[in-house]
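Me: Please walk me through this structure one feature at a time. Give me the general idea, then the case at hand.

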Amino acid sequence: MSRTELRDVIKIRYATAENAVFEEKRGFISLTFRPEDGEEKTYDRVKLQRNFPNSTPEEYVSVLDKEDNEICMIRSLSDLGEETAEILRREAERRYRVFRIKKILSVNQRYGFSYWKIESDDGVREFTVQDTYRSFRKIGGDRATVSDVDGNRYEIPSLSGLDRRSMKKIELFI
Amino acid sequence: MIEVSKMGSEILPLLLDHGLRCEDVSVFAMTDLALDGTKADVCLILTEKQLLVLTGYVRDEGRPGKKHGRVFSETMCETFDNDKLRELKIEEYISTGRLTADFDGEPTEIAAMTKTALRDVRIFVKYASAKLEGREEEIDEADFRDDRFCPKCGRRYPDPERKICPHCMEKSKLYKRLFVFAKGYRRYMAAVLFALCLTAALGVVAPYVSTEFFYDKVLRAGNSWYGRLLEAALLVLLLRLCSMGIGALSGIISARVSASVTYKLKITIFSAIERLSMSFFSARQTGGLMNQINNDSNEIYWFFCMGAPELIRNVIQIAAALVIMLLMNVPLALCAMVVVPLFGFVVNRLFSRMHTLHARTYRSSRALNSTLSDALAGFRVVKAFSREKEETSRFNDRSEKLARDNRSVTVFNNTAFPAASFIMNLSNLIVWSVGGWMAVTGVGGMTYGRLMAFIAYSAMMNQPMFMLVDMASWFTACTNAMQRLFEISDAEPDVREREDPVKLDEMRGEVEFRDVGFSYEKGKKVIDGVSFSVGAGRSLGIVGQSGAGKSTLANLLMRLYEVEEGEIKIDGVNVKDLSFDELRRNVGIVSQETYLFVGTIADNIRYARPDATDEDVITAAKIAGAHDFIVKLPDGYETMIGFGNKDLSGGERQRVSIARAILLDPKILILDEATAAMDTATERMISEALTGISKNRTTIMIAHRLSTLRDVDSLVVIDKGKIVEAGTHDELIRSKGKYFELYKLQLEALRNIGIEEEGGGGHEPNGAPRRN
C-alpha cells in the first residue's frame with residue numbers, strides 16, 4: 001500500500017446525484033461512479049450496507065463491490081433523487097428484510113430456551129430461540145428484535161404499540 | 001435423485017404436471033420464501049436439462065379435521081437451461097438469503113430463502129453445482145441427516161450443539177442429578193428426615209395438649225388429670241423443648257450436608273468451565289458468568305438448607321392436622337377446607353407472578369454487576385476520557401432499575417401475603433362461627449376445649465400453606481439455578497480429546513497446515529484454504545494486517561478451536577489425534593494479550609512447569625530479557641504481581657510470558673505479537689537470544705512489524721484469511737507483491753522519522769528496517 005493510497009483510505013467518497021448512477025436490472029443493482037480524483041468505473045453488482053441500521057437506516061449507507069470493498073458512501077438516500085432512492089430503498093429492504101412481529105401468540109419458556117408463535121406481517125410463524133435473554137435485544141427506546149436458532153431475525157417495531165397480552169408474554173425480557 | 005429436502009406426496013403430481021418423473025430429478029430441495037420476500041413454498045428441481053423453480057403454496061386439502069392429503073398449488077414456474085447456467089451462489093442477508101446465478105451471461109435471481117431453509121439450499125447448491133459442472137460430487141451422509149428436531153415430539157432442538165429437547169426432559173431429573181452430589185450423605189439425610197418427622201409429630205401433639213387436653217381434662221372435674229396443673233405445664237414445656245432440640249439438631253445436619261453438596265457442585269461447575277472450549281467464553285460475559293455461578297449455588301444452598309426441610313415438615317404437618325381434624329369432627333373439618341381451592345388458585349397465580357419478578361430482579365442484578373466490573377476494569381480509559389460522570393450515571397441507571405425491581409418484589413410480597421392471609425382468615429372465621437354454634441348447641445359432641453384444639457389445628461394447616469406461597473417461588477428459583485448450573489456443566493466442549501490419542505515418542509516439531517478453513521461465526525470464514533508447512537527446527541513468520549487471521553492460525557494449531565476444513569498436522573499426525581497433554585506440552589504460545597496470575601514472578605514463570613528449579617527460572621528469564629528488570633525489583637523474583645499487586649509495564653509482562661513459554665521448552669514455539677509492546681532494541685535482543693536457543697525448536701512468529709521477522713527462514717503473507725504470498729524475505733521482495741508493499745510502507749514510515757535502512761533498499765539478506 002503506497003502513501004497516496006493511504007490518503008485515500010481516510011477520505012470518505014460520497015456518491016451524489018452528480019457522480020453516481022445506480023441502475024436496477026433483474027434484481028441487481030449496478031453503479032457507475034466517477035470519483036473526484038479518478039476515472040469513471042462501472043460495477044455491475046453492488047451491495048448496500050447500512051452503517052447505522054437501527055437509528056438511521058437511510059443515512060451513511062456504504063456501497064460495496066463484489067469483494068466487499070467500499071466503493072463509496074451515500075450520505076442520505078434522498079440525496080440521489082427520488083427515483084434512485086426508491087431503487088436503493090428496495091434493495092436495502094431486501095437485504096435487511098426481517099419479519100415484523102404484529103402480535104405474540106405464545107412464548108413457551110423452558111430452561112432458558114423458548115418456543116415462540118407470532119403473527120408477523122407475513123402470516124403466523126413459529127420459531128425456537130436458543131438463549132432467550134441474549135437473543136432478545138432492545139434497540140433504542142421502543143424497538144426490539146429476537147433472533148431464532150437459525151439466525152432469522154424478528155423485529156418488534158414498537159413495543160408500546162403491542163397489545164397488552166403480547167406485551168405480558170415478553171415483559172420478562174425487556 | 002439427491003433429495004436434499006424431503007419430497008412430500010404433494011410434489012409428485014406437480015412433477016407430472018411438468019412432464020417429469022421422479023427419476024428425471026437429479027437434485028431436489030425446498031425453500032420457504034418467494035423472491036419478493038413473502039412466505040411461500042418453493043421447489044428447486046434440477047433435471048438433466050433444466051433447473052425448475054416452482055413457487056406456490058402447500059396446503060391441506062379437504063375440510064378441516066378430515067385428512068385428505070396435501071396439495072401444492074403452483075403460482076409461478078421458472079426454468080433455466082442447464083447449459084446456460086453457471087455459478088450458483090447464495091447471498092446471505094440479515095435474516096434471509098438469495099440464490100443467484102449467472103444465466104446466459106447475466107446475473108439472475110433464482111430463489112429466496114429464510115435462514116431456516118438456508119441449510120437445504122446450501123446443500124442443493126453443492127450438489128447442483130457439481131452436476132452443472134459435470135463433476136462427480138461425493139455424497140456426504142451428514143448432508144442428509146437432519147438432526148435438528150427432537151425425534152420424540154418433533155420440536156426443534158433449541159441448541160443445535162446440544163441435542164436436548166426441553167419438552168422431553170423432566171424437571172425431576174434435575175433434582176435426581178443433584179442427589180448424585182449428595183451421595184455419601186444418605187445417612188445424614190435420613191437422620192434429617194427422621195428428625196423432621198419427629199418435630200412435625202411433636203408439633204401436632206402440642207396443640208392438643210395445650211387446648212383440648214388442658215381445658216377438657218385438666219380444668220374439668222371428674223378426670224384423672226383434674227387439677228394437676230404443674231404436671232400439665234411441665235408436659236407442655238417438655239414437648240416444646242424436645243421439638244426445639246430436635247429442630248436445632250436437624251438444622252445443623254442439613255446445613256452441613258447442603259454446604260458440602262453446594263461445595264461439590266461448585267467444584268464440578270468450575271472444572272466444567274475449565275474444560276470448556278474458548279468459544280464458550282467468547283459467547284458469554286465472564287463477569288456475569290461468575291456471578292451467576294455464585295448466586296445460583298447459593299440459591300441451591302439456601303433452598304436445601306432452609307427451604308426443603310421446611311417444606312417437608314410443613315407437608316407432614318398439614319397432612320397430620322388434616323387427619324386429626326377429620327377424626328375430631330368431619331363436618332367442621334370440611335368447613336375449614338372450603339377455602340382451600342380458592343387459596344390454591346390464588347397461590348398458583350402468585351406463583352407465576354413471583355417467578356417473573358424474581359427473574360427480572362436477577363437480570364437487573366446481573367446487569368449491574370457487569371456494569372460495575374466493566375467500569376472498574378476499564379478504569380484507565382474512563383479516567384483518560386474523563387467519562388466518570390457518564391459512567392456514574394450509567395451505574396446509577398442500572399442500580400436504580402435493580403432498586404425498582406427489588407421494590408416491586410417487596411411490594412408484591414407485602415401485598416400478596418396479606419391478600420392470601422385474608423383468604424386464610426376467612427376459613428378461621430368459618431370455623432369460629434360454625435364451631436361456636438356446634439359448641440353452644442352441643443351438636444356432634446363439640447366441647448369448648450375441642451373447639452380450641454380445632455382452631456389451633458386449622459391454623460396449623462393454614463399457616464404452612466400460606467408459607468407455600470414463598471416456597472413456590474423459592475422452589476422455582478432453585479430449579480432455575482440448578483438448570484443454569486447444569487447447563488454449564490453439560491455444555492459440551494467443541495474441542496474434544498480423542499479417547500485413544502496417538503502417542504508420539506518425541507515430537508520433532510514439523511508443522512503442516514493443509515487447506516485449513518475456519519470460521520468463528522457460521523458462514524463467515526476467517527481462515528480459508530490455508531496451506532503451509534514448517535520443517536522441524538525451522539522458523540516461519542506470518543505477516544498480515546490486523547484482522548487477517550494470524551492469531552486464529554495460532555489458536556488452531558494449539559487446538560483452542562477446531563478446524564472446520566482441512567487438517568493441521570504435527571510430525572504428520574493430525575492435531576485432533578494427539579492428546580491435549582502432549583499437544584500443549586510441546587506447543588508453547590506467547591500471545592499478545594499476556595495474562596499474569598496473582599503470585600510472584602517466579603510462580604508465574606513456573607506456571608507451566610511447577611517443578612522447574614530456580615536456576616531454570618532465571619535462565620528462562622534471561623533468554624526472555626526479563627532478568628534485567630527483575631533484578632532491579634526489591635523483591636526480585638518474589639515480587640508479587642497480578643491483580644492488586646505491582647503493575648508491570650506491557651513490555652515487562654510480555655517478557656515474563658515469554659520466559660514462561662521458554663521454561664516449558666516446547667518443541668514448537670508460537671510467538672503471537674509477543675514482542676509488540678517492546679521497543680525495537682529489546683525486541684532485537686530477545687529475538688537473537690531466542691534464535692540462539694531455538695536450534696531444534698520450530699518457531700512460528702506472528703507479527704505485523706516486519707522487523708520482528710527479520711531472522712525467520714520463511715514467510716507467509718496472509719490477507720483476509722487466505723495466503724497471498726509465501727517464500728523467503730528475498731523472494732518476496734523480488735516478487736514485488738503484498739509483502740513488498742508492506743515492507744516499503746514500514747520502511748517509509750521509519751524514513752519519515754529519520755531512520756534509514758543500512759545498505760539501502762530491500763535487497764540485503766537481513767533487509768528488514770533496522771535502527772541506526
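Reply: Keep in mind that this is a predicted model. Start with strand pairing. Strands of a sheet pair through backbone hydrogen bonds, either parallel or antiparallel. Here, strand β9 (residues 511-518) of chain B and β10(B) are paired in the antiparallel sense, over five bridges.

Me: Which residue is the bridge partner of V516(B) in β10(B)?

Reply: V516(B) has V530(B) as its bridge partner.

Me: What is the strand order of the open sheet in chain B?

Reply: The order is β10-β9-β12-β13, four strands with antiparallel pairing. The edge strands are β10 (527-534) and β13 (573-574) of chain B, and each pairs on one side only. A helix packs on the sheet too: α13 (residues 550-557) of chain B touches β9, β10 and β12 (565-570) of that chain. The direction of α13(B) makes about 115° with that of β9(B).

Me: And side chains on a strand?

Reply: In a regular strand the side chains alternate between the two faces of the sheet. Now take a pair of strands in chain A. Strand β1 (residues 20-25) and strand β2 (residues 28-33) of chain A pair in the antiparallel sense over six bridges. E24(A) stands opposite I29(A) of β2(A).

Me: How many residues lie between β1(A) and β2(A) in the hairpin?

Reply: Two. In that turn, R26(A) has a positive phi of about 50°.

Me: What does chain A look like overall?

Reply: Chain A has four helices and twelve strands. Of its 174 residues, 29% count as buried. Among contacts in chain A with a separation of 6 or more, residues 24 or more positions apart account for 33%.

Me: How do I read a helix pair? At what angle do α16(B) and α18(B) cross?

Reply: Look at distance, angle and hand. The axes of α16 (residues 614-623) and α18 (residues 650-664) of chain B come within 8 Å and cross at roughly 125°. That angle is why α16(B) is oblique to α18(B). The crossing is right-handed. From α16(B), the contact uses D616(B), V617(B), A620(B), A621(B) and I623(B); from α18(B), A659(B), I662(B) and L663(B). By class, the residues are seven nonpolar, no polar and one charged.

Me: Last, the interface. How many residues does each chain give to the contact?

Reply: The size of an interface is often given as the accessible area lost when the parts come together. Here we count residues instead: 31 from chain A and 30 from chain B. On the chain B side, β8(B) gives the largest share, five residues. That side divides into eight nonpolar, ten polar and twelve charged residues.

Notes: Residues numbered from 1 in each chain as written. Chains lettered and ligands numbered in written order. Predicted model: local features only at pLDDT ≥ 70, side-chain atom pairs only at ≥ 80, totals over all residues. Pairing = 2+ DSSP bridges. Contact = placed C-beta atoms within 7 Å. Nonpolar A, V, L, I, M, F, W, Y, C, P; charged D, E, K, R; others polar. Buried ≥ 20, exposed ≤ 12 C-beta atoms within 10 Å, placed from the backbone. Axes fitted to C-alpha atoms, helices over the stretch in contact; angles between N-to-C directions. Parallel < 35°, antiparallel > 145°, perpendicular 65-115°, else oblique. Left-handed = near helix turned anticlockwise from the far one by under 90°.
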